[in-house]
Amino acid sequence: MKMSLWLFIALNGLVAVAFGLWLTLVDRLEGRR
Amino acid sequence: MSENKITIWEEMTILWAIVFIYSWIIFFIFVDKDRLNKTIYGGIIAVALGSLVDWAGHKMGLYLFDTQPWLLVSILYAGGPLLTAGVLFFQYISPNRKLQAANILAFTLSYLAVETLLVSSGGASYLHWNYLASLGVDLIVFTAFSYIGEYIVLEKRGHTLR
């Protein structure tokens, strides 16, 4: 069955948050922020 | 078709528009505007290479973007995740080898996750394709990008032969 639109938005949001956390971690490790 | 119901065409386009919007939100939060003069090349190369690969993928019947006008999806895809992730990838290239390997993995997994969601929700279909093929392509592309990016962003110089 096809995924619902709201689930798609929510899961994409989770991916975006996880990706953002990774970039934040890299910034910290590299001493940028 | 009832008036309140979103048509398939609109829904499919919405899926790509959502990915486009998320891409730009991440971009505006993390972009370093002062380095854009160099990192923009990551975006340009990503748009060119990504569009070429997807064009070939369609032509060969490997996968397709369902029921949508090719041009609109191309604009949303190329101008969204390809452009923004290309720039951010160049911006986040690290001279630390282990950190860069982790970067490649993080970008690859994010791309693969979004692709999986698009396929699961009907935004794209695999005909003669598999997630593992995408995983391989993503890893190769981001590894190649690391190499090119080191020359453009970190201004690494190759060894000169005498």
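Modeller: Helices (H or I, at least four residues) and strands (E, at least two) are DSSP runs, numbered from the N terminus. Chain B has a mean pLDDT of 89, with 90% of its residues at 70 or more. Where pLDDT is low, the predicted coordinates should not be read in detail. For the complex, the predictor gives an ipTM of 0.93 and a pTM of 0.90.

This is a predicted model: local features need pLDDT of at least 70, side-chain atom pairs count only at pLDDT 80 or more, and totals for chains, interfaces and linings use all residues. Residues are numbered from 1 along each chain as its sequence is written, and chains are lettered from A and ligands numbered from 1 in the order in which they are written.

The contact (C-beta atoms, placed from the backbone, within 7 Å) draws 16 residues from chain A and 22 residues from chain B. On the chain B side, helix 1 (8-30) and helix 4 (97-120) each give two or more residues, and helix 1 of chain B gives the most, ten.

Helix 4 of chain B packs against helix 1 (residues 5-29) of chain A at about 170 degrees, their axes 10 Å apart. Axes are lines fitted to C-alpha atoms, for helices over the stretch in contact, and angles run from 0 to 180 degrees between N-to-C directions. These two helices are therefore roughly antiparallel (over 145 degrees). Among the residues that meet are A:F19 and A:W22 from helix 1 of chain A, and B:A106 and B:V114 from helix 4 of chain B.

Methods. Contact = placed C-beta atoms within 7 Å. Parallel < 35°, antiparallel > 145°, perpendicular 65-115°, else oblique. pLDDT = per-residue confidence, 0-100.
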